[in-house]
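Subject: Structure handover

Hello,

The structure we discussed is below, and my notes follow it. Please read them with the coordinates open.

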Amino acid sequence: MEFFRYLGASTRAGFTKLGRASYFLIEILSGLGSVIVRPRLLLKQLHSVGVLSFLIIVISGLFVGMVLGLQGFYILSRFGAEETLGVMVAASLVRELGPVVAALLFAGRAGSALTAEIGLMKATEQLSGMEMMAIDPIKRIISPRFLAGFLSMPLLAALFSAVGIIGGQLVGSGLLGVDDGAYWSQMQATLDFKHDIINGVVKSVVFGFVTSWIALFEGYDAIPTAEGVSRATTRTVVNSAFSILGLDFILTALMFGEH
Amino acid sequence: MDNFDSTKNSLVSVHNLTFSRGEKKIFDDISLEFERGKITAIMGPSGTGKTTLLKLIGGQLFPEHGNVMVNGRNVHHLKRDELYTLRKRMGMLFQSGALLTDMTVYNNVAFPLREHTKLPESMIRSLVLMKLEAVGLRGARDLMPNELSGGMARRVALARAIALDPMMILYDEPFTGQDPISMGALVLLIKSLNSTLGLTSIIVSHDVHETSAIADYIYVLADGKIVGQGTPQEIQQSSSEWVQQFMKGAADGPVHFHYPAKEYMDDLLHSEKPLFSRIRLSDERSEKRKRYS
């Protein structure tokens with residue numbers, strides 16, 4: 001009996017939270033207009049959300065690409081198909097690993113930072129202070145960060161894939177002796193712009209939207225204490241990871257399911 | 001009640017206000033008047049919802065019953081942009097200062113000016129320096145909020161609150177946690193700002209001494225009701241036991257030292273269920289241990 005009560009209560013709490021989050025999203029979206037009027041707010045956030053994530057994306061992308069090169073070569077060489085290494089590396093990066101891993105890193109690097117920042121601003125009364133100064137914190141603080149996250153994510157994912165392909169090439173042709181021309185030309189011949197690249201970009205756009213939304217909402221909804229902010233930050237990373245991987249499955253099934 | 005006649009020149013008036021948090025009634029049908037150009041203090045022990053009252057006046061919270069009129073307008077019936085227009089004329093000093101931590105002192109004071117006016121930067125500079133001079137912190141303009149002491153942070157927040165030349169300022173516990181020197185500075189500052197700028201000030205505080213030194217009128221709140229009101233002299237001589245306990249800081253009186261609990265002896269003699277089951281559990285464990293050893 002106690003179990004059912006608990007189940008009901010937590011389901012209800014979950015739906016209430018989803019409702020708050022949706023309402024919050026509507027407010028963010030309606031605040032976007034005022035961000036476009038003031039591009040300087042956006043630029044500052046693009047710097048802290050996007051540019052500062054640059055290093056982690058480049059380094060991780062390079063290593064992921066290099067590992068793909070090694071593992072791919074091992075399998076492909078057994079079938080005498082080393083020349084298609086470029087295709088394998090590029091396809092796995094552009095379709096899957098680029099958007100997904102970049103989004104996971106983004107949630108860990110930028111999402112957690114956003115949650116902690118907003119949560120602390122709430123805890124130190126900066127948000128209600130702004131409200132009392134007749135400045136809408138959603139428009140001034142939240143919407144620029146949302147737009148910055150939404151815009152940076154596809155760029156970071158593209159960067160991740162590009163660096164990864166170079167990493168695969170370094171290992172493949174530099175270390176393992178795959179023909180350089182074959183690596184690039186096979187890739188160019190096989191990968192389709194619309195089917196592979198655009199679908200990858202669509203994925204990263206979706207992930208950017210969801211991750212920024214989760215991170216900002218968790219911060220804004222955090223209990224304004226040290227413990228509350230720390231919990232909210234954890235929830236951001238966990239919920240973002242779940243959403244990214246779950247949505248990736250759905251999107252992959254929709255995009256590539258027929259083949 | 002003689003002091004609620006509408007002929008009084010009040011800027012803020014609270015009528016029959018009721019507000020609850022969960023089960024607990026924070027305010028139970030209270031009415032207060034805040035006169036123009038005066039310093040009115042709301043006093044009472046911690047947890048009586050003094051800050052909540054400021055948030056109700058500022059329109060951040062909604063009452064269950066009753067209304068709050070500011071400058072003749074019902075705060076809770078205003079549309080969002082009307083409320084924001086009204087708030088531009090209300091300054092609020094938060095207990096923590098609520099300075100924006102990613103900006104210098106100068107930019108913090110300039111913040112409302114930049115957001116709400118289209119003044120040229122040279123004009124904003126003069127205004128910011130004037131406001132900082134008024135609180136004595138013109139020299140600290142390039143510091144970041146984390147480099148300020150608590151008292152300085154509150155003074156910067158005060159400079160920011162008066163940046164838009166408001167008609168009133170709400171002070172939330174301005175004296176809490178201050179050393180005697182910055183406390184003295186704040187007391188003087190609040191008094192002098194009120195007279196020189198012609199402000200209406202509402203102070204929420206439990207610092208009896210400092211507040212009665214500058215307030216023109218005092219309300220004492222307890223358990224969601226007004227238990228005493230009047231000028232500081234009247235309050236000092238109040239016959240209410242309650243007010244006397246508060247003003248003199250006696251540990252016991254109408255407000256008890258102990259949080260409500262059941263009889264002490266009962267509590268000691270009868271251990272509660274969880275304790276009991278924990279003991280049983282440890283018994284089982286030791287039995288198991290015996291069996292396996």
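A crossing is left-handed if the near helix is turned anticlockwise from the far one by less than a right angle, and right-handed if clockwise. This is a predicted model, where local features need pLDDT of at least 70, side-chain atom pairs count only at pLDDT 80 or more, and totals for chains, interfaces and linings use all residues. Residues are numbered from 1 along each chain as its sequence is written, chains are lettered from A and ligands numbered from 1 in the order in which they are written, and side-chain values use heavy atoms, with hydrogens and water left out.

Helix pair. H4(A) and H9(A), residues 226-256, pack at about 155° with their axes 9 Å apart. (Helices are DSSP runs of H or I with at least four residues, strands runs of E with at least two, numbered from the N terminus; axes are lines fitted to C-alpha atoms over the stretch in contact, and angles run from 0 to 180 degrees between N-to-C directions.) The crossing of H4(A) and H9(A) is right-handed.

Cores. A nonpolar core is a set of buried (under 20% relative accessible area, 1.4 Å probe, protein chains only) Ala, Val, Leu, Ile, Met, Phe, Trp, Tyr and Cys residues joined through side-chain atoms within 4.5 Å. The largest has 58 residues, of which A:Phe24 and A:Ile142 touch the most other members. Helix H4 of chain A, residues 85-123, gives the most to this core, 15 residues. A second, separate core of 48 residues includes B:Leu99 and B:Ile214.

Chain B. B:Asn74 lies in strand E5, residues 73-74, and is buried at 16% relative accessible area.

Regards

Conventions. Buried means under 20% relative accessible area, exposed over 50%, partly exposed in between (1.4 Å probe, protein chains only).
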